Structure formats: C-alpha cells, structure tokens
Amino acid sequence: MALLTALAGACITLAACDQQSLAELHEGVSTEADVRARFGAPEHIWPEADGARTFEYNRQPEGHVNYMITLAPGGTLRQTRQVLVPENFARVQPGADMLSVRRLLGQPARKLTYELTRETDWDWKWLDGPTRAMVFTVTFGPDGRVRRSGSHEDAASAQ
C-alpha cells in the first residue's frame, strides 16, 4: 500500500512539474537548451521535412500524457503538444504501420503480443476529462499494420 501511495504521489508531482515546465517555455523564444533543461533528454528525436526536429517526451506507463515538442530549424521552440487526445486517436486508421502510430502517439505504456492470433496490442494511458482514466489500444496484425483501435476505461485505475 505504501508503494502504491508513493507511486501516486510521484505521478501527481510529475504532472505538476510538467505543467510548470511547459509554462516556462515560450514559442518563438525558448531554445533547445531551455527544453532540455526542463524536460531532460528526449525519448526520441523525430526529423521534420522542413529541417525542424520534434522531441518526444513520454510519461507512460506512470502518467497519462506524452509530449511532442517541436523546435524550428533555427533551434527555437515552435510548438508543444500533449498527443494522447481523442483527435489523434481518430487519426489511427486500419492499415497504418507501427512507425507512423509510434510517431503520432509516442512510446506506449505497454506492448503485448498474442502468439495464437499473431496480433500485438499497444496501450496508452490517457485521461478523459480531469479524472476518468482510460486506455487507448491499437491492435496490429502480423504484418505490423493496424487492424483496429479503440478506448476503454482503465479498470486498473478504477480499483
């Protein structure tokens, strides 16, 4: 029970720290050094077609968000986005490949492969409103392409 309480406290603290860090960053002004000073090393750096770079910051599996922070070619902050939102989930369509889903949503909280069906589920934790814990699941076929996706209430958080 003490461990569960400590983990819950860490999640609340992390969320508060993220909000403070985001508030300290300003589009067109903040630099890569500012982003790294507040968020640390990114999980992944995605190159953009125009020379910009998007830094991926995951808060899975403990949190309910993933951030994509884009730096313009000159190194100043262009955009910050929390990507685990229904609008992005709607963009996950059958036939999409694993890399494009990973690029859209960031690192999932969990990956699980089912030997009999040869399908793989990726799960992301997210919040519907301020407190309703949800899980968005994408199921990939053996070819690495999306078969289906959808959200459901996070039963583990409801206990």
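Analyst: Strand β2 (residues 53–58) and strand β3 (residues 66–71) run antiparallel and are joined by 6 bridges; two strands are taken to pair if DSSP finds at least two bridges between them, and strands (E, at least two residues) and helices (H or I, at least four residues) are DSSP runs numbered from the N terminus. The model is predicted, so that local features need pLDDT of at least 70 and side-chain atom pairs count only at pLDDT 80 or more, whereas totals for chains, interfaces and linings use all residues. Residues are numbered from 1 along each chain as its sequence is written, and side-chain values use heavy atoms, with hydrogens and water left out.

Within this pairing, asparagine 58 stands opposite asparagine 66 in β3. The two strands belong to an open sheet of 4 strands, in the order β1-β2-β3-β4 and with antiparallel pairing. Because β1 (44–47) and β4 (77–82) each have a single partner strand, they stand at the edges, and one side of each is left without a neighbour in the sheet. From one strand to the next, the twist averages 20°.

Helix α2 (residues 32–39) packs on this sheet and touches β1, β2, β3 and β4, contact meaning heavy atoms within 4.5 Å. The direction of α2 makes about 5° with that of β2; axes here are lines fitted to C-alpha atoms, for helices over the stretch in contact, and angles run from 0 to 180 degrees between N-to-C directions. Helix α4 (residues 98–105), by contrast, lies across β1, β2 and β3 and runs at about 85° to β3.

As for the rest of the chain, which has 5 helices and 8 strands, the elements follow the pattern α-α-β-β-β-β-α-α-β-β-β-β-α along the sequence. Further along, strand β6 (residues 119–128) pairs with β7 in the antiparallel sense over 9 bridges, with tryptophan 126 opposite methionine 134 in β7. These two strands form a hairpin with 3 residues between them, and glycine 129 in the turn has a positive phi of about 80°. β7 also pairs with strand β8 (residues 146–153), again in the antiparallel sense, over 7 bridges, and phenylalanine 140 stands opposite valine 146 in β8. Strand β7 (residues 132–140) is mostly covered, with 8 of its 9 residues buried, where buried means under 20% relative accessible area, exposed over 50% and partly exposed in between (1.4 Å probe, protein chains only).
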